[in-house]
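The sequence and structure are shown first.

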Amino acid sequence: MDLKELKKQVEQITKELKSKASGDTAVLVDSLSFLFSIMLETSTGIMVQNERLTNTIIDLQETIKDLRRQLNMDSHNSSKPPSSDGYKKPNKARSLRKPTGRKPGGQKGHSGANMEVPHKPDEVKKHHPNKCMTCPHFASCVANGNVFECGEKRFIVEAVVTTKVIEHQSLKAVACPCGESKLKGEFPEEVKAYVQYGDTFTAMAGLLSTFGAVSTDRIQTIIDGMFNVTLSEGTICSMVEKCGQKVTPIVEKIKELLIGSSVVNFDETGVRVEGSTQWVHNSSNAKYTYLTVNKKRGQEGIEDNGVIQNIGGTAVHDCWGAYWKFKDILHAVCCAHLLRELIANIENNPTHLWTERFKTLLITMKTAKEKAIEEGKTELREDLIKALEHEYDEIMAYAEKECPPPDKIEPKKRGKKKKGKERALIDRLIKLKDSVCLFIHNFMVPFDNNQAERDLRNVKTKAKVSGCFRTNAGAQTYLKITSYLSTAKKHGINAFEALALAFKGETEKVLI
C-alpha cells in the first residue's frame with residue numbers, strides 16, 4: 001500500500017476514535033496518532049533515500065561501463081585514427097581484414113612495374129677481362145677495335161642535381177639606320193628582378209610544402225644542400241602562394257566536376273588555423289578531390305564547401321548528423337564505421353547476440369557484391385537482395401528484444417532517459433536501413449567511406465609536421481594545391497609534372 005494512502009487512513013481512523021472516545025482516551029489516541037505519523041515520515045524518508053541510493057548506484061554502474069568502453073576504444077572498434085593507438089596497438093586478430101590465404105607480393109594477373117632506362121646512356125664504361133688488362137698486347141687489342149665486343153649490358157640510373165642560369169638581355173639600338181635612338185627590348189613579364197628564381201624552384205617549394213608535408217626550414221635546408229641556393233622563409237611562402245594562384249582556376253573546375261558526379265564521398269577533419277581549431281571539409285571520389293577549410297564542422301562548414309547541396313547523386317559519409325540535414329539527395333552510410341561500432345558492442349556486451357549476426361550480415365553483403373563484380377555483373381539478383389534485407393529486419397527485431405528501449409522516466413524528472421550506445425546504434429540501424437543497404441542496390445556506391453579518409457590523410461600529415469597553419473589564407477592555399485595534386489595523381493600524373501603543367505598554363509591536361 002502507498003504510504004500516502006496509509007497516512008490518510010490513519011487520519012480517518014483517528015478522527016473516528018476521537019469522536020467516540022472519552023477525554024483521557026482521546027489524549028491517548030492523539031499520542032498514538034502522533035507516533036504513527038513520525039514512523040510514517042521516517043519510513044518515507046528511508047524509502048526516498050533508498051530510491052536515491054538505488055538510482056545513484058545505477059548511474060555509477062552506467063558511468064563505469066561507459067568509462068570502460070572509452071578506455072577500450074582504439075582504431076579497430078571506433079572512429080579513432082590508428083595514429084591515436086600509440087604503443088598500444090590493437091591485436092591483429094581483431095582486424096576487420098580477414099586472411100585471404102594468398103602469398104605475399106604481386107598476385108597472378110596484376111600489372112607489373114619494372115624499372116626502365118629513361119633515355120640513351122650519357123656515359124659508357126667498358127669493363128675488360130682482368131687477365132687481358134695485364135697482357136702486353138692489351139693496348140693493341142683495344143686499338144684494333146675487333147678483339148672485344150659487348151657481351152652483356154647493365155645500367156645505373158643516377159640523379160644529376162645542378163642549376164641552370166638563364167641570362168636575359170634587353171638590347172637597345174645604338175646605330176639604327178632608321179635614325180631611331182631610343183629603341184630598347186622589353187623583358188618578358190615574368191622576368192622582374194635582377195636575379196630571381198625560376199618556376200622550377202617555385203614548383204619544387206610548393207611540392208615539398210604540400211605533397212611532401214615538409215616544413216619551411218627543412219625546405220630551406222634541402223634546396224640549399226642540393227643546389228647551393230639559399231631561399232628565405234618569406235620567399236618559400238611566396239612560392240607556395242604562387243603555386244596556389246596557378247591552380248585556382250582548375251580547382252574550381254574540379255568542384256564543378258564533382259557536383260556533376262553520381263557518387264561523392266564526404267568527410268571532415270580538425271586542424272589548427274590561426275590559433276584555433278577549424279575544419280577541413282573534403283568532397284571527393286575516385287577521380288577528383290576538393291578540399292576547403294571553415295571554422296565550423298557542421299552544416300555551415302559543409303555548405304561552405306559547396307558540393308553536397310548541389311549534387312544530384314549519392315553522398316557517402318559516416319553518420320555525422322550534419323550530413324542528414326541535406327534532404328534532396330541520396331545518402332549512403334559508411335559500413336566500415338558500423339563494423340567498428342559493432343565490434344565495440346561485441347566487446348562491451350558479449351551476451352548480446354544480435355551484434356555478431358549483424359556484423360556477419362554486412363560482411364556477407366560486401367562479399368556478395370564483390371563476387372558479382374568479379375563475375376562481370378552490374379547488380380545483385382532480386383531474390384538475393386530480398387533475402388539479405390529480410391535477414392536485416394529479423395536481426396533488428398531480435399535486437400529489440402535483447403536491448404529494448406529504456407522505460408519512460410517519472411514525471412517529476414526532466415529530459416529523456418539515456419539510451420546508451422547500444423540502443424542508439426539499434427535505433428540508427430532501423431531508421432537508416434535504406435542508406436546502409438544502398439551499396440548492394442547500386443554498385444557505384446562503395447561499401448565504406450575510405451576514399452574520403454584517404455584524401456584527408458595528407459592534411460593530417462601536414463598538421464603533424466607543422467603543428468598548425470598560421471593564417472587562413474595559407475591553409476586555403478595548401479588545400480587548393482593538395483586538391484589539384486590529388487586529382488592529378490588519380491589521373492596518373494605525378495605531382496611534379498602536375499605543378500609544371502600549372503606553370504605552363506596546361507592544368508586541363510590533368511583531367512584528361
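## Asparagine 285

Asparagine 285 sits in the loop that joins strand E2 (276-284) to strand E3 (289-294); helices (H or I, at least four residues) and strands (E, at least two) are DSSP runs numbered from the N terminus. The model is predicted: local features need pLDDT of at least 70, side-chain atom pairs count only at pLDDT 80 or more, and totals for chains, interfaces and linings use all residues. Residues are numbered from 1 along each chain as its sequence is written, and side-chain values use heavy atoms, with hydrogens and water left out.

Asparagine 285 counts as buried because its relative accessibility is 10%, where buried means under 20% relative accessible area (1.4 Å probe, protein chains only). A polar atom of the asparagine 285 side chain lies 2.9 Å from the backbone nitrogen of tyrosine 288. Beyond its neighbours within four places in sequence, asparagine 285 is in contact (heavy atoms within 4.5 Å) with Leu258, Ser261, Val263, Asn265, Gln451, Asp455 and Lys490.

## Phenylalanine 227

Phenylalanine 227 belongs to helix H6 (residues 216-227) and, at 15% relative accessibility, counts as buried. The C-alpha atoms of phenylalanine 227 and threonine 163 are 6.4 Å apart, although 64 residues separate the two in sequence. Not counting residues up to four places away in sequence, phenylalanine 227 touches Val161, Thr162, Thr163, Phe201 and Met204.

## Nonpolar cores

A nonpolar core is a set of buried Ala, Val, Leu, Ile, Met, Phe, Trp, Tyr and Cys residues joined through side-chain atoms within 4.5 Å. The largest such core has 47 residues, of which Tyr484 and Val510 touch the most other members. At least two residues of this core come from each of helix H5 (199-209), H6, helix H7 (233-259), E1, helix H15 (472-490) and helix H16 (495-503). H7 supplies the largest share, nine residues.

Not counting residues up to four places away in sequence, valine 510 touches Ile250, Tyr484, Ala488, His491, Ile493, Ala498 and Leu501. Another core, of 36 residues, lies apart from the largest one and has Leu338, Phe358, Ala368 and Met396 among its members. In soluble globular proteins, nonpolar side chains tend to be buried together.

Notes
Buried < 20%, exposed > 50% of the residue type's maximum accessible area, 1.4 Å probe, protein only. Polar contact = N/O pair within 3.5 Å; in protein donor to acceptor, adjacent residues only side chain to side chain.
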